[in-house]
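This report goes through one protein chain by region, starting from single residues and ending with the whole chain. Please keep the sequence and the structure open while reading.

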Amino acid sequence: MSEYLPIVSSFVLVLSFVPLIRKIRKNRSVSGVSLLMMSFGVAQSSYFIAYNIFFERFFMVLPFAITGSLSALILYYFIRYNASSKQRNQLALLLGLSTLPLVLLLVKDIEAAALLNALTYLGLVMSSIRVMPQTYKTIKSGDVSNLSARYFSLQFLAGGIGLAAELSLGHVSVAHVLMFVMILLTNAAQLGCIQYYRSKPALA
């Protein structure tokens, strides 16, 4: 049963984007959504896709391709609905910097396997902290009109399933365990912020 847990976690992760994208399309706005969080999603997916293709782990490419594409779709909606010219330039710079390490694969003197291993650890760090910019933005702006609690709930669930899958392995990776714990904590904190700002008007 444990071997199916990563598949279930990936499915839940993909499913989590559905309510968020539906809400953004309905409101025709991405205000309140952290672009840094979604940029991290695109970058980390790019790292994991490159790693899995290089090491011929093709069965793991699809979930990262889907989640990376969905993060990119939200960034597209930002450009379409909210972005000024300055913000578009900032977003292009952010994405360019985050994916720049992949260009190092073209350098002959750099060992691709070592570089991709390093990038996967960078991807793990991004996965661990990607919700933090969203929580900061939520606390700063109080804008939760375009945020979906179900998105963060399903992300939390996917993290919990991923943690269970990691703990079921014969050789447990401390880095992976810490990543999943951070995913659980950061998504729980974000859910708390959403519930607080949604209930705040009723208390006023």
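Phe58 counts as exposed, at 53% relative accessibility; the classes are buried for under 20% relative accessible area, exposed for over 50%, and partly exposed in between, with a 1.4 Å probe and protein chains only. Phe58 lies in the loop between H2 and H3. Helices here are DSSP runs of H or I with at least four residues, strands are runs of E with at least two, and both are numbered from the N terminus. Leaving aside neighbours within four places in sequence, Phe58 is in contact with Asn52 and Ile53, where contact means heavy atoms within 4.5 Å.

This is a predicted model, in which local features need pLDDT of at least 70 and side-chain atom pairs count only at pLDDT 80 or more, while totals for chains, interfaces and linings use all residues. Residues are numbered from 1 along each chain as its sequence is written, and side-chain values use heavy atoms, with hydrogens and water left out.

Glu56 is also placed in the loop between H2 and H3. With 60% relative accessibility, Glu56 counts as exposed. The phi angle of Glu56 is near 60 degrees, a positive value in a residue other than glycine. Most residues other than glycine have a negative phi. Arg28, in the loop between H1 and H2, likewise has a positive phi, near 50 degrees.

Helix H2 covers residues 35–54, and Phe54 belongs to it. Phe54 has a relative accessible area of 42% and is therefore partly exposed. Not counting residues up to four places away in sequence, Phe54 touches Ala112, Ala113 and Leu116. Between Phe54 and Leu116 there are 62 residues in sequence, and their C-alpha atoms are 8.4 Å apart in space.

Ser45 is another residue of helix H2. Its relative accessible area is 3%, so Ser45 is buried. Beyond its neighbours within four places in sequence, Ser45 is in contact with Phe64, Thr67 and Gly68. The C-alpha atoms of Ser45 and Ser127 are separated by 9.5 Å, although the two residues are 82 apart along the chain.

Ala112 sits in helix H5. At 21% relative accessibility, Ala112 counts as partly exposed. Apart from neighbours within four places in sequence, Ala112 is in contact with Phe54 and Leu105. Ala112 and Tyr196 are 84 residues apart along the chain, with 46 Å between their C-alpha atoms.

Leu106 is in the loop between helix H4 (85–99) and helix H5 (112–129). Leu106 is exposed, with a relative accessible area of 72%. Together with Leu93, Leu97, Leu100 and Val103, Leu106 makes a nonpolar surface patch of about 540 Å². Patches are made of residues with over 30% relative accessible area and no salt bridge; like charges are joined within 9 Å, and nonpolar side chains (Val, Leu, Ile, Met, Phe, Trp, Tyr) within 5 Å. A salt bridge is a side-chain nitrogen of Lys or Arg within 4 Å of a carboxyl oxygen of Asp or Glu. Accessible areas come from the Shrake-Rupley method with a 1.4 Å probe, and for residues only the protein chains shown count as cover.

## The nonpolar core

Which residues of the largest nonpolar core touch the most other members? They are Ile24, Val30, Met38 and Ile74, out of 27 residues. The elements giving two or more residues to this core are helix H1 (5–27), H2, helix H3 (61–81), helix H7 (149–167) and helix H8 (174–203). H3 supplies the largest share, 6 residues. A nonpolar core is a set of buried Ala, Val, Leu, Ile, Met, Phe, Trp, Tyr and Cys residues joined through side-chain atoms within 4.5 Å.

Val30, leaving aside neighbours within four places in sequence, is in contact with Ile24, Ile74, Tyr77, Phe78, Tyr81, Asn82 and Asn146.

## The whole chain

The chain has 8 helices and 0 strands. Its radius of gyration is 17 Å, close to the 17 Å that the globule rule gives for 204 residues, so the chain is as compact as a globular protein of that length. The radius is taken over C-alpha atoms, and the rule is 2.2 Å times the number of residues to the power 0.38. Along the principal axes, the C-alpha atoms fill a box of roughly 60 × 45 × 25 Å.

Of the 204 residues, 45% count as buried. The accessible surface comes to about 11100 Å², and 68% of it belongs to carbon and sulfur atoms. Among contacts between residues at least 6 apart in sequence, 80% join residues at least 24 apart.
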